[in-house]
Amino acid sequence: MKKQRRINPAVLNLSLSVAMLALLVAAFLPLININAPWLRIVYCVGAVATVVVRLLQRLEYRRNPDTPTRVRRLQHIEFWSAIAYLASAYFMIDDPYHPGNWLAFLLAGAALQLFTSFMIPYAEKKEQEKKIGKSDK
């Protein structure tokens, strides 16, 4: 049987942080009237990197059968937030003169990301409490 290679979660988290930072910088600078053509490229690279990291994270947690269903669903929402960033990048390139389109997808992805960043630790904590409660009985 072939041994499966694991991806280091610390590397994935660092890659995700760099990609999100690229998204933040490339989205914020045009809002304060610093327009450079390379900002669109940085934004697109950040969006694609976010989707790739979320896909790799998705592979990792699917391999772990101990992940609770609620946490898996929240991690699926994180993946869809990355897809919203990718749609935002498309609208930034396709129609740069109407910022409402790409900003809407950016804000939708950010709202989903914010929601899951609070709910995943909460759901994991509740699951741990449930396991401790069952083991005490």
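**Exercise 1.** Determine which residues Asn-101 touches, not counting residues up to four places away in sequence, and state whether Asn-101 is buried, partly exposed or exposed.

*Solution.* The model is a predicted one.
Step 1. Asn-101 belongs to helix 4.
Step 2. Once residues up to four places away in sequence are set aside, Asn-101 touches Phe-91 and Asp-95.
Step 3. The relative accessible area of Asn-101 is 34%. Buried requires a value under 20% and exposed a value over 50%, so Asn-101 is partly exposed.
Step 4. As a check on distance, Asn-101 and Ala-89 lie 12 residues apart in sequence, and their C-alpha atoms are 10.0 Å apart in space.

**Exercise 2.** Locate Phe-91 and give its C-alpha distance to Phe-105.

*Solution.* 
Step 1. Phe-91 is part of helix 3.
Step 2. With a relative accessible area of 24%, Phe-91 is partly exposed.
Step 3. Phe-91 and Phe-105 are separated by 14 residues in sequence and by 8.7 Å in space, C-alpha to C-alpha.
Step 4. Phe-91 is also one of the residues in contact with Trp-102, the others being Ala-27, Tyr-43, Ser-88 and Met-92, when neighbours within four places in sequence are left aside.

**Exercise 3.** Identify the residues of the largest nonpolar core that touch the most other members, and find which helix gives the largest share of this core.

*Solution.* 
Step 1. The largest nonpolar core holds 18 residues, and those touching the most other members are Leu-23, Tyr-43, Tyr-85, Trp-102 and Leu-106.
Step 2. Two or more residues of this core come from each of helix 1 (9-31), helix 2, helix 3 and helix 4 (99-136).
Step 3. Helix 1 gives the largest share, namely 7 residues.
Step 4. There is also a second, separate core of 5 residues, and among its members are Val-71, Leu-74, Met-119 and Ile-120.
Step 5. As general background, nonpolar side chains in soluble globular proteins tend to be buried together.

**Exercise 4.** Carry out the corresponding analysis for helix 2 and helix 3, and then examine Glu-60 of helix 2.

*Solution.* 
Step 1. The axes of helix 2 and helix 3 (residues 69-94) come within 9 Å and cross at roughly 160°.
Step 2. Helix 2 and helix 3 are therefore roughly antiparallel to each other, and helix 2 passes helix 3 in a left-handed crossing.
Step 3. By class, the residues of this contact are 15 nonpolar, 4 polar and 6 charged.
Step 4. Glu-60 is found in helix 2, which spans residues 37-63. Its relative accessible area is 16%, so Glu-60 is buried.
Step 5. Apart from neighbours within four places in sequence, Glu-60 is in contact with Arg-5, Arg-6, Ile-7 and Leu-12.

**Exercise 5.** Decide whether Thr-116 is buried or exposed, and list the residues that Thr-116 touches, not counting residues up to four places away in sequence.

*Solution.* 
Step 1. Thr-116 is placed in helix 4.
Step 2. Thr-116 has a relative accessible area of 0% and is therefore buried.
Step 3. Not counting residues up to four places away in sequence, Thr-116 touches Leu-74, Ile-77, Glu-78 and Pro-121.
Step 4. Thr-116 and Ala-49 are 67 residues apart along the chain, and their C-alpha atoms are separated by 19 Å.

Technical notes. Residues numbered from 1 in each chain as written. Predicted model: local features only at pLDDT ≥ 70, side-chain atom pairs only at ≥ 80, totals over all residues. Heavy atoms only, no water. Helix = DSSP H or I, 4+ residues; strand = E, 2+ residues; numbered from the N terminus. Buried < 20%, exposed > 50% of the residue type's maximum accessible area, 1.4 Å probe, protein only. Contact = heavy atoms within 4.5 Å. Axes fitted to C-alpha atoms, helices over the stretch in contact; angles between N-to-C directions. Parallel < 35°, antiparallel > 145°, perpendicular 65-115°, else oblique. Left-handed = near helix turned anticlockwise from the far one by under 90°. Nonpolar A, V, L, I, M, F, W, Y, C, P; charged D, E, K, R; others polar. Core = buried A, V, L, I, M, F, W, Y, C linked by side-chain atoms within 4.5 Å.
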